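Subject: Structure handover

Hello,

Here is the structure for you to look over. My notes on what turned up follow below it.

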Amino acid sequence: MDRIEELNVKKICGCFEVEGSFVQCVQCGEGHINDTYKVTIDNHGKLRHYLLQRLNKMLSSEVEKLMHNIELVTSYCRKNIEANGGDPMRECLNPIRARDGKCYIYDGESCFRMFDYIEGAKTYQNADDPNVFYESAVTFGNFARMLSGFDASQLYEVLPDFHNTKVRYSNFLAAVQKDICGRAKGVQAEITWVNSHKYLCGKIVDRITSGEIPLRVTHNDTKLNNVMFDQKTGKGLVVVDLDTVMPGSVCYDFGDSIRFGCNSAAEDEPDIEKVHFMFDRYKIYLKGYFLALGDTLVAAEKENLPMGAILMTYECGMRFLTDYLEGDVYYHTSRARQNLERARTQFKLVNEMIAVYDKMLAAVKEIA
């Protein structure tokens, strides 16, 4: 049920508190997880746009908790944006309630939700422009700073152990052992590489457990394409895709941005020789991030930002490889071996980050 015409979009939209008649629906976005559509509604001659999303079925079992988190976080952000003279309609996601009072509906097969469409904004799929990457750093930094006063204990851990790299490693080992698709034999080099780097797994989670690194409200999926930019000014506007907002470490959020934005090639680049860690981009991101954060972070967080980058890249590569071994059941794929290619790019980046780890740490001290 991937095509728009196979969805009863008009009926689904009618379940939400939107006024007017349905005009059209077009698919948009390039996310790995959810299906996203731009819906046009005619309200007495005035066209208004909304974002309709069908949630991945693997998220549907936690939809109550997931939407609880999104409601609390967006409400808190709106109040802060208004207090600082900003525009909450463009600088924050605004969920649309269903007519039964919830923020989602279930049509008997899938869960759907709606948001106000943010007009005059765009996303980028890569960080080719250093200014775009810098603005994404400022936007994610603002998001972290704005939520630094929010009590993270109010949020559900909708995806338990999402960035617990020890658990991710255990899941990887289980996938290797089960080998349900018979693919393990063809990726022995990658399996060996993951095992040889298992010492990374506890680098952040152990410090969280000890209390050295505090739990904060974190996004947990801070790729560039989860920031929307103003089409006129080029400035970062808003952080989107809040499905993974949970208690976590800022080191994870920082690290995932570096993992994605400091890759010289596409995340699924088949030619591994094109994949390199761009240290200059790393420094650009640091500058924007610290400009927005100010003195929000404690010393242990600052010191572990480079390790967060290494760890998130290792973890993400391990997750891609796990999904490949399990038959590509989680991440959307458009070709055979795409998850394997994604994994290989991450492993190459880890190798190059480890080689310049001391420089990465020195840059934090210099810029912070």
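**What was found**

Start with Val-250. Leaving aside residues up to four places away in sequence, Val-250 touches Arg-216, Thr-218, Tyr-289, Leu-297, Glu-301 and Leu-305. Keep in mind that this is a predicted model.

Val-250 sits in helix H9, which covers residues 250–261. Its relative accessibility is 3%, so Val-250 counts as buried; the cut-off for that is under 20%. Asn-220 is 30 residues away from Val-250 in sequence, yet the C-alpha to C-alpha distance is 8.7 Å.

**H12 and H14**

Leu-305 comes up again here. It is one of the H12 residues that meet H14.

Now the geometry. Two packed helices are described by the angle between their axes and the distance between the axes. Helix H12 spans residues 305–325 and helix H14 spans residues 357–367. Their axes come within 8 Å and cross at roughly 135°. That angle makes H12 oblique to H14, because roughly antiparallel would need over 145 degrees.

**Thr-345**

Is Thr-345 buried or exposed? Thr-345 is at 0% relative accessibility, so it counts as buried. It lies in helix H13, residues 338–355.

One belongs to Glu-267, which the Thr-345 side chain reaches at 2.8 Å. The other belongs to Arg-342, and lies 2.8 Å from a polar atom of the Thr-345 side chain.

Beyond four places away in sequence, the residues touched by Thr-345 are Asn-263, Ala-266, Glu-267, Asp-268, Glu-269, Ile-272 and Val-275.

**The sheet**

There is also an open sheet of three strands, in the order S7-S9-S10. The pairing is antiparallel. S7 (121–122) and S10 (236–239) are the edge strands, and each pairs on one side only.

Strand S9, residues 227–230, runs antiparallel to S10, and three bridges join them. Which residue in S10 is the bridge partner of Met-228? It is Val-238.

Helix H5, residues 130–146, packs on this sheet and touches S9 and S10. The direction of H5 makes about 50° with that of S10.

Best wishes

Terms used. Residues numbered from 1 in each chain as written. Predicted model: local features only at pLDDT ≥ 70, side-chain atom pairs only at ≥ 80, totals over all residues. Heavy atoms only, no water. Helix = DSSP H or I, 4+ residues; strand = E, 2+ residues; numbered from the N terminus. Buried < 20%, exposed > 50% of the residue type's maximum accessible area, 1.4 Å probe, protein only. Contact = heavy atoms within 4.5 Å. Polar contact = N/O pair within 3.5 Å; in protein donor to acceptor, adjacent residues only side chain to side chain. Axes fitted to C-alpha atoms, helices over the stretch in contact; angles between N-to-C directions. Parallel < 35°, antiparallel > 145°, perpendicular 65-115°, else oblique. Pairing = 2+ DSSP bridges.
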